[in-house]
Every structure is written in structure tokens, then in C-alpha cells.
Amino acid sequence: MITLIQKNQQLFALGIFILLVMVFLWVLQYAVIRYGQTVLNQLLKFWTALRQYLSQSKRLIRLRNNYPKLYDALSQRLDIQHFYGLPLTVLLLVMGYILALFFGLVEDVVTSDTIVAMDFFVSQQMSMLSESPIVTFFILMTSFASTATTCLIVLLVSILCWIVRQRYILVGLLIATLGSTIFTFLSKLLFHRTRPVDILLFEQTDSFPSGHATITVALYGFLAYMAIRFSRNFAMQVRIAAITIFFSLLIGLSRILLNEHYLSDVLGGYLVGALWLMVAISMTEWLRARNKIDWQIVWSVTHFRLVWLSVICVLIGTSIYAEFYQFPLLL
């Protein structure tokens with residue numbers, strides 16, 4: 001057993017990593033389902049009590065008397081009753097934080113910091129798995145973020161939104177996909193980073209950031225957001241989020257294992273995708289606040305059948321794409 005592990009150290013380490021992620025997500029999912037709503041209710045009560053306490057503060061009373069417009073603006077940013085209050089404030093803060101992380105990562109990549117050494121180390125380790133049978137699985141996984149699959153998903157979701165008469169959702173969907181794609185394309189031209197030496201599938205574009213990682217978070221993240229908003233079951237909402245995170249991780253891992261990208265390329269793609277996902281969610285929630293979108297619609301049996309038919313079409317389409325386009329590219 002020990003000899004087998006020593007001969008397959010990279011494969012064993014990869015398996016342990018995936019297993020740990022699965023266990024972590026399962027425990028997190030269980031904890032959120034079990035205690036999430038209770039914690040959220042307590043936080044809302046605490047926030048309400050805190051606002052009441054602050055409203056009696058002498059300094060804030062003076063601020064309200066001396067600068068009423070400024071006080072009203074700040075007060076509205078913290079209101080939890082509508083989208084323009086605390087929800088929008090949190091989304092803007094998250095977008096700012098993601099942008100800061102991305103710029104920090106860019107600085108590390110450009111200045112050849114420690115993360116670049118980690119990139120080369122991980123790439124060398126992944127090169128040793130080029131003959132492993134798991135390559136077949138990860139080629140299929142990476143195909144889920146291909147341009148062909150992305151276009152198919154956008155088309156099917158557009159048709160579905162049109163049928164359920166929620167056309168304004170497409171605004172957010174297009175922002176997430178087109179915005180992240182254009183941003184990634186321009187970033188590749190700007191940084192002009194070459195891909196790893198031992199690349200398995202032929203690629204013509206530059207390396208940083210990973211377009212597959214970007215579209216994974218932007219597109220599948222938005223689909224998960226849609227499913228969560230349409231769902232009325234808290235446990236189901238948590239499971240959708242956990243599955244999407246694990247799925248996105250596998251696609252990002254496929255880009256590293258196939259040596260299509262360095263580790264920092266995938267991390268950069270995740271950040272870009274998350275940034276545009278936040279922008280898309282913000283726009284969608286703004287449209288909902290203007291009564292352009294109704295998340296409480298009643299789904300008929302026909303609608304559910306169309307959803308599952310779309311899923312089957314994506315699975316078949318991705319498998320065909322991988323078989324006739326990706327596998328022939330193996331060096």
C-alpha cells in the first residue's frame with residue numbers, strides 16, 4: 001500500500017484534496033441547514049437593536065440635525081427593508097473586496113512573487129499525471145466551461161426565461177457572461193502571460209486569467225443564484241450553493257491538471273468571475289426592486305420538464321464536444 005502511494009504521490013494528493021473539500025462542503029452545508037436560519041434571525045434582531053441604540057446616540061443626533069441629507073444617505077445605506085439599503089451596500093463592499101484581491105494577485109504575478117514559484121511547482125506536479133486515466137474525466141469537466149457549452153446554456157436559459165415570462169433575468173445573465181468574457185479577453189491581451197510548457201490541449205490565447213475559471217463562476221454562479229431565488233426551500237438553496245462551489249472547483253482544477261493554466265490563472269479567473277457575478281446579481285436585484293422580475297412564480301410540471309430537458313441537452317452537448325473536439329487535441 002505504501003509503495004503504491006509512493007508511486008502515485010500526485011494522484012494520491014489530488015484525491016485527498018478533493019475528498020477534504022467534499023467533507024468540508026458537506027459539514028458546512030449541514031451546519032448552515034441546521035443553524036443558518038436561527039443565526040440569521042439573531043443577526044437581524046441584533047442589527048435592529050444596534051440601529052435603535054445608534055439612533056439615540058448624541059453624536060448621531062447632532063449629525064442628523066446639522067447634516068440631514070448626509071444622515072439620510074447613510075441611514076438608507078443601512079436599511080434592510082429594501083434593496084437600495086444594506087443589500088446594495090454589502091454587494092458593493094464585496095465587489096470592492098474582490099477587486100482588491102484581484103489587483104493584489106496581479107501584482108504578485110507581475111512581480112514574480114512567491115505565487116509564481118508555487119505556479120511552477122504545481123504545474124510540474126500536474127505534468128506527472130498526463131498519462132493518468134483521470135485526464136479523461138477532467139477533459140470532460142473542462143468542456144463544461146467551453147465556449148460551445150456556454151453558448152448552449154445561455155440559449156437554453158434564454159428560452160426558458162422567455163417561456164416563464166421572466167425576460168428581464170436575461171439582463172443579469174448577459175452581464176455575467178459577456179462582461180466577464182470581455183474583461184478576461186482584455187486582461188489576457190494586457191498581461192500576455194504564456195501558458196505552461198506541458199500543456200495537454202492546444203490553446204491559442206494567453207494564460208492569465210483563466211477564461212474557463214471566469215465563466216464557471218460567472219455563468220454557473222448566476223444559474224445557481226437563479227435556482228436559489230426561485231426555490232422556496234432553505235435546505236435546497238444551501239445544497240444548490242454547495243454543489244455549485246464543488247462543480248466550479250472541479251472545472252478550475254481541470255485547467256490546472258491539464259496544464260492549460262497556472263494556479264494563479266485559475267484564482268484570477270475565479271475573482272474576475274465573482275466580480276461580474278456580483279455586478280449581475282446587483283442589476284438583477286435592482287430590476288426585481290422595480291417589479292420587473294417575479295421570483296414567486298408558480299412552476300408547472302411542463303416547466304420542470306423543460307428544465308430537466310435543458311440539463312440533459314447540456315450534458316449530451318458537452319459530451320459530444322469533449323469527444324469530437326477536446327480529445328483529438330491531446331498531444
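**The largest pocket**

Keep in mind that this is a predicted model. Let's start with the largest pocket: 31 residues line it, and L223, A227, I240, V307 and V311 are the ones that lie nearest its centre.

- The volume of the largest pocket comes to about 1,400 Å³.
- Four helices each supply at least two residues of its lining: α8 (147-163), α10 (211-230), α11 (234-257) and α13 (301-326).
- Helix α13 gives the largest share of that lining, with seven residues.
- Sorted by type, the lining of the largest pocket has 26 nonpolar residues, three polar ones and two charged ones.

**A nonpolar patch on the surface**

- F12, I16, L19, L20, V23, W26, V27 and Y30 make up a nonpolar patch on the surface.
- Together, these patch residues have about 790 Å² of accessible area.
- To find I16, one of the patch residues, look in helix α2, which covers residues 9-55.
- I16 has a relative accessible area of 34%, so I16 counts as partly exposed, a label for values between 20% and 50%.

- K58 sits in helix α3, residues 58-66.
- K58 is classed as exposed because its relative accessibility is 66%, and the cut-off for exposed is over 50%.
- Going from K58 to N291 takes you 233 residues along the sequence, and their C-alpha atoms are 39 Å apart in space.

Notes:
Residues are numbered from 1 along each chain as its sequence is written. This is a predicted model: local features need pLDDT of at least 70, side-chain atom pairs count only at pLDDT 80 or more; totals for chains, interfaces and linings use all residues. Side-chain values use heavy atoms; hydrogens and water are left out. Patches are made of residues with over 30% relative accessible area and no salt bridge: like charges are joined within 9 Å, nonpolar side chains (Val, Leu, Ile, Met, Phe, Trp, Tyr) within 5 Å. Accessible areas come from the Shrake-Rupley method with a 1.4 Å probe; for residues, only the protein chains shown count as cover. A salt bridge is a side-chain nitrogen of Lys or Arg within 4 Å of a carboxyl oxygen of Asp or Glu. Buried means under 20% relative accessible area, exposed over 50%, partly exposed in between (1.4 Å probe, protein chains only). On a 1 Å grid over the protein atoms alone, a cavity is a set of points where a 1.4 Å probe fits but cannot get out, and a pocket is an open set with protein on both sides within 12 Å along at least five of seven lines; lining residues have an atom within 4 Å of a point. Grid points are joined across faces, edges and corners, and a volume is the space filled by probe spheres set on the points. Ala, Val, Leu, Ile, Met, Phe, Trp, Tyr, Cys and Pro count as nonpolar, Asp, Glu, Lys and Arg as charged, and the others, Gly among them, as polar.
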